[in-house]
Amino acid sequence: MPASPSTARAINDRLALRLLQREGPLTAGQLKQLTGLSRPTVADLVERLTDAGLITVVGEAGEQRRGPNAKLYGIVADRAHLAALDVRTEGVAVAVSDLVGTVLAEASVPIGGDTGTGPAVERAVALVERAVKEAGADRPHTVGIGAPGLIDPASGELRDSSGLPQWHRALVATLQERFPDARVSVENETNLAALAEQRDGAARDRDTFVLLWLGHGTGAAVVLDGKLRRGASGGTGEIGFLPVPGTTGLPSATDCAGGFHSLAGSAAITRLAAEHGLIAEGAQAPDAARLVGEAVARTGGDEGDAARRFLDVLADRIALGVASVVAVLDPGCVVLGGEVGQAGGAPLAALVEERVRRMSPLPAAVRPSDLGGTAVLRGALLTARDQAQDELFAPPGRSV
């Protein structure tokens, strides 16, 4: 059945707003061309969106013509401010942007393992408040949070986990209390990284892929047919628990030791580097990402044999996880994300792809992350922006 006039107007308005978000400021003529709508219809929607405070004149088109230049319309960027958090076991990073995604303020704060739950939460919330103020806003419209751990698919809440600090769950509730008018949502960090890589990173050309997160811990995010898949309990991608050869035991329901995490987590990578003589005896071990990056840089030199052997063994380990994912999901593409994936770059990805090609009959490209450690914060910001726009761009009196 044909849409009612009000429904048709709402559809046209949303289409125009999405185009302005994707393309930037446009003239009425450009909106007509891109939407296929008639000139009067475009004129009406421009008037409606202007009256609603969603778009405004931001300049004039550069073309010279008889009479005045065409007006350029853009989304009112300061209609809403968005906050994004990347919550780690050792600290928090925050970014605040306007409605079109321009980052206006960024900050981070370390939170040690000996910090109590209350002080840790207050430190993180104070960081958000300072960043929001620095961005010139009174409060955030939407807050997106990326955190390690399982997200309950029914409630959307971060589950209790014995391996994560208690302040993680308390932070989500406190932010909602401190900003009662804001929409606060939390998502698994690896899932957010995958969304960022899909929109702005290494998987821009893929609607089906897996992101393998290699950082302090290991994880995976699964995107099939353009949609993020979370599983029945929200646990899709808990690859750290995957039983693999080469470990001293098997993982349990409460501990991933003995699983893939024991081969590819940061602690395991650091031990592997020490075994190959990449850490001086008695020296404090640098983080795993730095070790991998240094090994990649050294492989081209005359003394790069140890670095090459280290990367070969590391690629063997990572390939076990990638080959398992490929055998079950056939994603066609696996992105090596996280700080280690970024540090290894194209050389490590090529080594892993070579091994997976020998282990699996299913073709799978293995790519390095374009975004690395920034992907979680980018994904949280993109998610917050989508949620805010869904609400603000909805027809009056109706939420989406």
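Which helices and strands each supply at least two residues of the lining of the second largest pocket? They are E8, H6, E11 and H12. The model is predicted: local features need pLDDT of at least 70 and side-chain atom pairs 80 or more, while totals for chains, interfaces and linings use all residues. Residues are numbered from 1 along each chain as its sequence is written, and side-chain values use heavy atoms, without hydrogens or water.

View 1. The five strands follow the order E6-E5-E4-E7-E8, with mixed pairing. Strands (E, at least two residues) and helices (H or I, at least four) are DSSP runs numbered from the N terminus, and two strands pair if DSSP finds at least two bridges between them. Strand E6 (103–110) and strand E8 (183–188) are the edges; each has a single partner strand, so one side of each has no neighbour in the sheet. From one strand to the next the twist averages 15 degrees. Strands E4 (residues 81–88) and E7 (residues 142–147) run parallel and are joined by five bridges. Ala84 has Gly144 of E7 as its bridge partner. Helix H5 (residues 167–178) lies across E4, strand E5 (91–98), E7 and E8, and runs at about 165 degrees to E4. Such angles run from 0 to 180 degrees between N-to-C directions, on axes fitted to C-alpha atoms, for helices over the stretch in contact; contact means heavy atoms within 4.5 Å.

View 2. Strand E10 (residues 218–224) pairs with E11 in the antiparallel sense over three bridges, and Val222 has Arg229 of E11 as its bridge partner.

**View 3. The crossing of helices H6 and H12.** The axes of H6 (residues 189–200) and H12 (residues 375–392) come within 7 Å and cross at roughly 80 degrees. Among the residues that meet are Leu192, Leu195 and Arg199 in H6 and Val376, Leu382 and Asp386 in H12. The contact comprises eight nonpolar, two polar and seven charged residues. Ala, Val, Leu, Ile, Met, Phe, Trp, Tyr, Cys and Pro count as nonpolar, Asp, Glu, Lys and Arg as charged, and the others, Gly among them, as polar.

**View 4. The second largest pocket.** A pocket is an open set of points on a 1 Å grid with protein on both sides within 12 Å along at least five of seven lines, whereas a cavity is a set where a 1.4 Å probe fits but cannot get out; lining residues have an atom within 4 Å of a point. The pocket's volume, the space filled by probe spheres on points joined across faces, edges and corners, is about 360 Å³. Of its 22 lining residues, Glu187, Leu195, Leu228, Arg230 and Thr383 lie nearest the centre. H12 gives the largest share, six residues. The lining has eight nonpolar, seven polar and seven charged residues.

View 5. Two cavities of 30 Å³ or more are present in the structure.
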